[in-house]
Amino acid sequence: MLNGRTPIAERRKAISGFPGFSPEAISFLRGLERNNKREWFQPRKHVYDEHVRAPLESLVNAINAEFAEFAPRYVTPVKKAIFRIYRDTRFSKDKRPYKTHIAATFYLQNLSKAAGPCFYFHFTPKELLVFAGVYMPEREELLAIRNLLSERHSEFREVLRARSLRNALGELKGEQMSRVPKGFDKDHPAEDLLRRRQWFVESTMSGDVVTSARLLPEVVTRFRAAAPMIEFLNQPFIQPTRPRKLPFMAF
């Protein structure tokens with residue numbers, strides 16, 4: 001503890017550079033919730049571009065600057081990190097054309113597509129949600145993570161016990177099966193972990209933080225606390241770097 005402040009409080013104070021979203025951004029999102037149609041959005045697209053999209057890009061760049069310090073493999077280009085506001089309604093009964101939450105996600109750099117364990121946040125006028133983990137893994141990812149946990153469950157439990165993680169994001173969450181999946185011993189010591197389809201932690205805060213300078217440090221502090229968990233879960237997907245072959249090297 002320094003000068004009566006906890007290390008986490010000191011870290012939050014040290015992170016600066018994003019003032020929060022403007023009241024105009026929140027007013028726009030409230031209006032979009034009430035009028036989710038093109039006739040309302042198109043005349044106000046400039047408001048979205050100026051007060052939502054542009055500041056969101058600045059926020060993602062600021063988060064990337066912090067990632068460069070503690071989790072450089074998760075630095076994500078703005079265009080890949082930010083979710084489009086336009087909904088894909090082709091296969092949905094819900095034909096509303098726009099998303100009413102603003103979101104960004106940060107994946108391991110060497111993945112061929114956005115997949116695997118990740119960092120994520122979104123906000124609405126009412127709340128900020130910060131998430132880290134695995135939410136909708138494909139079949140191959142699911143099996144890879146279960147194989148990892150079957151062999152190294154003690155290490156994973158140690159990661160989850162970290163006070164910084166528990167204080168920032170709470171307990172492990174996610175859907176669970178009623179039985180251990182096929183291919184794993186029903187009496188396996190990690191049966192509670194293997195039964196999961198999802199492995200994540202998350203924290204929800206009041207929407208007031210979105211318009212304040214607290215936004216960046218609140219997100220980064222939670223991402224930093226979750227980094228060891230994300231690094232662990234990504235072990236099956238980390239590709240070893242191969243040494244560059246020079247002309248005089250024979251293999």
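1. The structure is a predicted model. Its mean pLDDT is 90, and 86% of the residues reach 70 or more. The exception to be noted is the stretch of residues 1-5, where the pLDDT is below 50; beyond near neighbours in sequence, this stretch makes 5 contacts in the model. Where pLDDT is low, the predicted coordinates should not be read in detail.

2. An open sheet is built from 4 strands in the order S1-S2-S3-S4, with antiparallel pairing. Strand S1 (102-107) and strand S4 (199-206) form the edges, each pairing on one side only. From one strand to the next, the twist averages 10°.

3. Strand S3 and its partners. S3 (residues 127-134) is joined to S4 by 8 bridges, and the two strands run antiparallel. Towards S2, 6 bridges connect S3 in an antiparallel arrangement, and Phe121 stands opposite Val130 in S3. Of the 8 residues of S3, 7 are buried, so the strand is largely enclosed by the rest of the structure.

4. Surroundings of Phe200. Gly174 is located in the loop between helix H7 (163-169) and helix H8 (191-194). The C-alpha atoms of Gly174 and Phe200 are separated by 6.2 Å, although the two residues are 26 apart along the chain. Leaving aside neighbours within four places in sequence, Gly174 is in contact with Arg196, Gln198 and Phe200. Gly174 has 26% relative accessibility and therefore counts as partly exposed.

5. Helices against the sheet. Helix H4 (residues 45-70) lies across S1 and strand S2 (118-123), and runs at about 25° to S1. Helix H9 also packs on the sheet, where it touches S1, S2, S3 and S4. The direction of H9 makes about 15° with that of S3.

6. Nonpolar cores. The largest nonpolar core has 69 residues, among which Ile63, Phe106, Phe119, Phe121, Leu128 and Phe156 touch the most other members. Helix H9 (residues 215-233) supplies the largest share of this core, with 12 residues. Ile63 illustrates the packing: not counting residues up to four places away in sequence, Ile63 touches Phe106, Phe121, Leu216, Val219, Val220 and Phe223. A second, separate core consists of 6 residues, including Cys118, Tyr120, Leu129 and Phe131.

7. Aromatic pairs. The model contains 22 aromatic pairs. One of them, Phe41 with Tyr98, is stacked, at 4.2 Å centre to centre and 25° between the planes. This pair links distant parts of the chain, 57 residues apart: Phe41 belongs to helix H3 (residues 38-41), and Tyr98 to the loop between helix H5 (78-81) and S1. Phe41 counts as buried because its relative accessibility is 0%, and Tyr98 likewise counts as buried because its value is 2%. The rings of Phe67 and Phe223 have centres 5.7 Å apart and planes at 10°, so this pair is stacked. Phe67 lies in helix H4 and Phe223 in helix H9, so the pair ties together parts 156 residues apart in sequence. Phe67 and Phe223 are both buried.

8. Aromatic cluster. Ring pairs also join Phe28, Trp40, Phe41, Tyr48, Tyr86 and Tyr98 into a cluster. The stacked pair of Phe41 and Tyr98 is thus part of this cluster.

Definitions and conventions:
Residues are numbered from 1 along each chain as its sequence is written. This is a predicted model: local features need pLDDT of at least 70, side-chain atom pairs count only at pLDDT 80 or more; totals for chains, interfaces and linings use all residues. Side-chain values use heavy atoms; hydrogens and water are left out. A nonpolar core is a set of buried Ala, Val, Leu, Ile, Met, Phe, Trp, Tyr and Cys residues joined through side-chain atoms within 4.5 Å. Buried means under 20% relative accessible area, exposed over 50%, partly exposed in between (1.4 Å probe, protein chains only). Contact means heavy atoms within 4.5 Å. Two strands pair if DSSP finds at least two bridges between them. Axes are lines fitted to C-alpha atoms, for helices over the stretch in contact, and angles run from 0 to 180 degrees between N-to-C directions. pLDDT is the predictor's confidence in each residue, from 0 to 100. Rings of Phe, Tyr and Trp (its six-membered ring) pair if their centres lie within 6.5 Å; planes under 30 degrees apart count as stacked, over 60 as edge-to-face and the rest as tilted.
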